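Me: I am new to this structure and would like to learn how to read it. Please take me through the strands and the disulfides.

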Amino acid sequence: ANNSASCAPPQDEVGLVLFNGKYKPERHEVTNQPYENFTVHIPADNWEVDVAELTVNRFHMIGGKTNCKMKILQPLLGLAFIAGLVSATFQPSGVPFKSPVTVANGFSAGVAFSNLTLPRGIAFDSEENLLVIERGFGVTAFTRVTSPSPGFERTVVVQNAAVTHGILVVDKVLYVSTGTTLLSYPYNPSTKTAGTPTLVIDGIPGDGELTTHTFLIESGTGAFLVGDGPLTNIDPTARDPANGRAQIRRFVPSTLPLHWADGQVIVYGIRNPGGFAFDPSPSSGPASVHRLYVVENGASIDNVTGLTAQFVNDNPSDEINFVQYSATSQPHSYGFPDCAPLWNPDADPTGVPQYVGLPSGTQISLKLDPAFTDAWCRDPANNVPPVLDFQAHSVPLDIKFFTSGSTSTKGSFPKSFCGDAFVSFHGSFDRTPPTGYGVVRVPFPLQNSYSFLIQAADLTTCPGTCIRPAGLAFGRDGRLYVSSDSSGERGGNDKRNRDMIDFKVTSVVGFKDVHMILKENL
């Protein structure tokens, strides 16, 4: 009921109200991602695009409580809705990070564009436009310009709210992933426009917790490699490669659409193959054998019997896995859901003494089934171990190798970095203190080490407005571009749902930084 005597007008608390009504989200293209579309009219005399923010406020009551709760939802269209009304938007250089960052000596970083809708995977086209998946909106292109001042111009290429993470541009074809499909669009890099999509692969499981569905295309064969995550955080069904969970499948191009069930399983037991890249170094083996590096997020093991909160705060490791496969090879298991590598075996000497003194990286059983013991997990015939362990809860999402830019510029990475890998750390959601929130360099050949190029300066404030790197791409200028989908999660103590916030839109608020430019200072 209205109580005008004691309540301030709504516009004094939440700003100009464009819509007031019921909120009833429903499932549409992607399972477990309900949403509801609204159309609102923005009065021209009340809206200044460069200083305004579009938000959605949901009011609700729980049980018999008398007080009303307000939750600020991330509008999937957000400010991208405004950008969609015009052909392009512009942001000048020099916009600061919303939270301070620390950058490695000899390098600098800057914000290229801000206030996007969950920027995830990124890729360059042949004209050096940087294409970005804006999850919940579509695909946008960013072009470096000098007028009206140095900066970047943003152009809407595809409006498709179902896109998730994966993106590649091959010649004049744009490929993107959704929660259940792989799509291709005819694409013109000169005009930054796309045509009608074609369904390339259908039937990809879309009901799991992690539906990023990263993909690659083999050079020469044109075969597609598509990753899929687990149904749940710890998913026993992933033991069976035929199940389609926590694995990567290969698809040879033929009559479209291709079907997920028909793909060749090249590896399974990788919980969330969030990012993968082909080994760029020369091979002495058969040309038919492909070599792939895959980053993997370890499972949350809070509910595993016999482990304490102090122990799981520092375990298990996140990983880089090395996969070799051919068109006729049989897949190997990489341990999930039964095995996991330790990051800090000594994390709780009193509560979990049985692992004290073991080397970091030692495989242990999560004891889901008596058949899968510690000894079973340590046998590489059962469980292929990672080639590099990362700090627990770092959440690696992408991996790219630096192969030297085709154009030498002042900001190019040094040639000494050629062949090294770079990995984005999205950052922890349930570790004290937080960790990750940056981009690391992994020297090759592997030396069991890595170092940060950029990281949130004060991890104790994360996630907050800290950078949360997701996608990576090197330009021809030898610089590294990084998407950052910071979410500033609010509300809810369920750890599973909070983990989903790393990959799905649920109840989140805050800004959406886009990509940074990392370059060497000369």
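This is a predicted model: local features need pLDDT of at least 70, side-chain atom pairs count only at pLDDT 80 or more; totals for chains, interfaces and linings use all residues.

Me: How do I read a strand, and is strand β12 largely enclosed or open?

Reply: Strands (E, at least two residues) and helices (H or I, at least four) are DSSP runs, numbered from the N terminus. A residue is buried under 20% relative accessible area, exposed over 50% and partly exposed in between, with a 1.4 Å probe and protein chains only. Strand β12 covers residues 182–188, and five of its seven residues are buried, so the strand is largely enclosed by the rest of the structure.

Me: Which strand is joined to β12 by five bridges?

Reply: Two strands pair if DSSP finds at least two bridges between them. Strand β11 (residues 173–178) is joined to β12 by five bridges, and the two run antiparallel. They form a hairpin with three residues between them. Within this pair, Tyr-175 stands opposite Ser-184 of β12.

Me: What does Ser-184 face in β14?

Reply: Ser-184 stands opposite Thr-198 in β14. Strand β14 (residues 198–202) pairs with β12 over three bridges, in the antiparallel sense.

Me: How many bridges join β12 to β13?

Reply: Two bridges join β12 to strand β13 (residues 193–194), and these strands run antiparallel. Tyr-187 stands opposite Ala-194 in β13. The hairpin of β12 and β13 has four residues between the strands, and Lys-192 there takes a positive phi near 55 degrees.

Me: Which way do the residues of β32 point?

Reply: Leu-480, Val-482 and Ser-484 point one way from β32, while Tyr-481 and Ser-483 point the other way; all are buried. With five of five residues buried, strand β32 (residues 480–484) is largely enclosed by the rest of the structure.

Me: What pairs with β32?

Reply: Strand β31 (residues 469–474) pairs with β32 over four bridges in the antiparallel sense. Leu-472 stands opposite Val-482 in β32. The two strands form a hairpin with five residues between them, and Gly-478 in the turn has a positive phi of about 80 degrees.

Me: How many disulfides does a search of the whole structure find?

Reply: A disulfide is a covalent bond between the sulfur atoms of two cysteines. Here the term is given to a pair of cysteine sulfur atoms within 2.5 Å. A search of the whole structure finds two. Counting bonded cysteines along the chain, the pattern is 1-2, 3-4.

Me: Where do Cys-339 and Cys-377 lie?

Reply: Cys-339 is in strand β24 (residues 339–341) and Cys-377 is in helix α4 (residues 374–377), so the pair ties together parts that are 38 residues apart in sequence. Their sulfur atoms are 2.1 Å apart. The torsion about the S-S bond is about -80 degrees, so this disulfide is left-handed. Cys-339 is buried, at 8% relative accessible area, and Cys-377 is buried at 1%.

Me: Are Cys-462 and Cys-466 buried or exposed?

Reply: Both Cys-462 and Cys-466 are buried. They form a disulfide with sulfur atoms 2.1 Å apart. Its S-S torsion is about -90 degrees, so the bond between Cys-462 and Cys-466 is left-handed.

Technical notes
Residues are numbered from 1 along each chain as its sequence is written. Side-chain values use heavy atoms; hydrogens and water are left out.
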